[in-house]
Structures are given as C-alpha cells and as structure tokens.
Amino acid sequence: MKHLIKFCSAFFLALTLLSASGCASIQKQEGTGEYVDDSVITTRVKTAILADPILSAAEINVETFKGVVQLSGFVTSRVAINKALELTRSIPGVSSVKNDMRLK
C-alpha cells in the first residue's frame with residue numbers, strides 16, 4: 001500500500017511538472033524586452049524612411065519581430081525599394097530584412 005501511495009505521488013508530481021512546463025513562452029511569442037527592442041527598431045526605420053526624400057512613409061509598412069524587419073507596401077520605383085532596404089539594414093538592432101514591397 002505504501003508503494004502505491006509513493007508511486008501515485010510521484011506520478012502526479014511528474015504530471016504537474018510537465019503541465020507547468022507547457023506554460024513557458026514559445027518561440028513565436030516575444031518577451032517584454034524583445035517587444036520594446038522591436039518597437040524601437042520599427043520607430044527608427046519609420047523615422048529614417050520619413051526623413052528620406054526619395055521614399056514615401058505612407059507607401060511603406062514596417063513590422064519587426066525579434067530583430068527581423070518586414071517591409072511591405074507598394075512603391076513607385078525599384079530605386080525606392082533598394083533605398084528602403086539600405087536604410088533599414090543600417091539601423092542598429094536589425095538582424096535581417098524581409099522585402100515584401102511591390103512596384104505600383
């Protein structure tokens with residue numbers, strides 16, 4: 001009877017630990033620090049685009065997740081696409097740039 005109680009206790013402890021590990025954050029979610037860093041990167045990219053005379057900030061959407069910046073929207077020229085990519089890559093904290101911009 002004692003062995004059965006010990007076994008059941010160990011089983012429920014293991015089950016509890018396994019279910020608690022499911023509450024840990026997953027790769028697709030950001031922690032608070034990462035979210036703030038990504039917000040800063042997004043703001044810096046948008047500011048750089050806004051300050052550039054070739055680019056239109058209204059045409060280019062900027063999203064950042066874990067340092068990866070995604071640029072999307074419809075722009076007027078290939079030169080604008082290249083300039084936006086160049087500016088984005090120069091921003092500190094940007095690990096890579098995903099280009100989803102299209103020509104009008």
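Asp38 is buried yet forms no salt bridge; the nearest side chain of opposite charge, Lys66, is 8.0 Å away. This is a predicted model. The count of salt bridges in it comes to 2.

**Asp38**
- Asp38 sits in helix H2, which covers residues 32-51.
- A polar atom of the Asp38 side chain lies 2.6 Å from the backbone nitrogen of Lys66.

**Helix H3**
- H3 runs over residues 78-89, 12 residues in all.
- At 1.5 Å a residue H3 should span 16 Å, and its end C-alpha atoms are 17 Å apart, which agrees.
- Ala80, Ile81, Ala84, Leu85, Leu87 and Thr88 are the buried residues of H3.
- Seen down the helix axis, these buried residues fall within an arc of 165 degrees, so they line one face of H3.
- Val79 and Arg89 are exposed on the other side of H3.

**Nonpolar core**
- The largest nonpolar core has 19 residues.
- Val45, Leu55, Ile60, Val62, Leu71 and Met101 touch the most other members.
- Two or more residues come from each of H2, strand S1 (60-65), strand S2 (68-75), H3 and strand S3 (96-103).
- In soluble globular proteins, nonpolar side chains tend to be buried together.

**Met101**
- Met101 lies in strand S3.
- Its relative accessible area is 3%, under the 20% cut-off, so Met101 counts as buried.
- Met101 and Arg78 are 23 residues apart in sequence; their C-alpha atoms are 9.6 Å apart in space.

**Salt bridge Lys83–Asp52**
- The side chains of Lys83 and Asp52 meet in a salt bridge at 3.7 Å, N to O.
- Lys83 belongs to H3 and Asp52 to the loop between H2 and S1, so the pair ties together parts that are 31 residues apart in sequence.
- Lys83 is partly exposed, at 23% relative accessibility.
- Asp52 is buried, with a relative accessible area of 10%.

**Salt bridge Lys104–Glu59**
- The side chains of Lys104 and Glu59 meet in a salt bridge at 2.9 Å, N to O.
- This pair links distant parts of the chain, 45 residues apart: Lys104 is in the segment after S3, and Glu59 is in the loop between H2 and S1.
- Lys104 counts as exposed at 65% relative accessibility, whereas Glu59 counts as buried at 18%.

Notes: Residues are numbered from 1 along each chain as its sequence is written. This is a predicted model: local features need pLDDT of at least 70, side-chain atom pairs count only at pLDDT 80 or more; totals for chains, interfaces and linings use all residues. Side-chain values use heavy atoms; hydrogens and water are left out. Helices (H or I, at least four residues) and strands (E, at least two) are DSSP runs, numbered from the N terminus. Buried means under 20% relative accessible area, exposed over 50%, partly exposed in between (1.4 Å probe, protein chains only). Lys and Arg count as positive and Asp and Glu as negative; His and the chain ends are not counted. A salt bridge is a side-chain nitrogen of Lys or Arg within 4 Å of a carboxyl oxygen of Asp or Glu. A polar contact is a pair of N or O atoms within 3.5 Å; within protein, one must be able to donate a hydrogen and the other to accept it, and residues adjacent in sequence count only if both atoms are side-chain atoms. The expected span of a helix is 1.5 Å times one less than its number of residues. The arc is that of the directions from the helix axis to the C-beta atoms. A nonpolar core is a set of buried Ala, Val, Leu, Ile, Met, Phe, Trp, Tyr and Cys residues joined through side-chain atoms within 4.5 Å.
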